[in-house]
Amino acid sequence: MNQREHAAWRPSSLLVASAAVHLGAVAALIARPRAWPWSLSALLADHVVLAAAGLWPRSQLLGANWTRLPQRGGLAPGGVALTIDDGPDPDITPRVLELLESHGARATFFCIGERVLHYPDLAQEIVRRGHLIENHSQRHRHNFSLLGPGAMMSEVLQAQESIHRVTGSRPQFFRAPAGLRNPFLDPVLVRLKLRLVSWTRRGFDTVSADTEAVFRRLANPLQAGDILLLHDGHAARTRRGQAVILEVLPRLLDALKARGLKSLTLRSALP
């Protein structure tokens with residue numbers, strides 16, 4: 001059972017402190033109106049900290065965030081989560097699926113809701129082959145981290161419904177576009193019974209065509225519990241026109257095998 005099923009949202013320590021700063025600033029203005037520059041400075045500093053926390057994808061300051069697999073429950077020893085974002089893509093995803101199958105690996109695909117609706121057969125094929133599709137928002141908006149609570153709820157909820165409509169399964173995990181978010185996201189995820197996931201390491205394979213550099217970022221070092229990030233959507237291309245993931249993934253899977261590690265889905269780590 002999802003531990004968030006009956007959970008109520010509780011603000012993080014940073015958000016509690018932020019609320020205290022705001023209340024203190026208001027109280028100071030009432031007591032000593034001439035001290036407004038100090039109150040304003042405190043508020044500005046607080047918002048800088050909140051913005052920085054949202055711009056740091058692996059931060060846990062705004063709420064719970066998986067950066068590694070929790071070593072508990074039924075997780076097999078040596079488990080690593082290979083996560084693949086921004087698809088499905090009709091040119092790349094089928095080849096990724098073939099590579100995963102040839103290595104006996106399982107992956108978690110963080111898919112964009114609109115793309116799942118546009119390529120339903122491909123989304124269903126991902127699931128048919130034993131992989132999982134999780135929530136990466138409905139449209140992958142570049143301003144996702146600037147949205148208010150209503151618009152953010154809409155983006156996440158629409159993707160939930162799109163993925164469920166096509167695959168018959170509701171996601172249990174969410175990854176923010178580019179990993180960027182704001183304080184409004186955590187209560188949305190709690191309400192929708194979703195866990196936020198970032199990563200241990202990413203290859204930057206949407207911006208780098210250097211396959212050797214992408215591989216090194218992901219593989220040095222490889223450890224049990226890692227959450228690794230590649231992209232089948234928005235993938236950078238090599239000089240030969242090949243999507244970077246298609247050249248990096250076979251090497252990465254071979255490296256996992258050589259180190260006695262196995263690629264599992266994120267849900268394998270749930271208690």
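**Exercise 1. Find which residues form the nonpolar patch on the surface, and which helix gives the most to it.**

Step 1. In this predicted model, local features need pLDDT of at least 70, side-chain atom pairs count only at pLDDT 80 or more, and totals for chains, interfaces and linings use all residues. Residues are numbered from 1 along each chain as its sequence is written, and side-chain values use heavy atoms, with hydrogens and water left out.

Step 2. Helix α2 (residues 36–55) gives the most, three residues. Helices are DSSP runs of H or I, at least four residues, and strands are runs of E, at least two, numbered from the N terminus.

**Exercise 2. Decide whether Leu44 and Asp89 are buried or exposed.**

Step 1. Buried means under 20% relative accessible area, exposed over 50%, partly exposed in between (1.4 Å probe, protein chains only).

Step 2. Leu44, in helix α2, is exposed because its relative accessibility is 52%.

Step 3. Asp89, in the loop between β1 and α3, is buried because its relative accessibility is 13%.

**Exercise 3. Find which backbone nitrogens the side chain of Asp89 reaches.**

Step 1. A polar atom of the Asp89 side chain lies 2.8 Å from the backbone nitrogen of Asp91.

Step 2. For the backbone nitrogen of Ile92, the distance is 3.0 Å.

Key
Polar contact = N/O pair within 3.5 Å; in protein donor to acceptor, adjacent residues only side chain to side chain.
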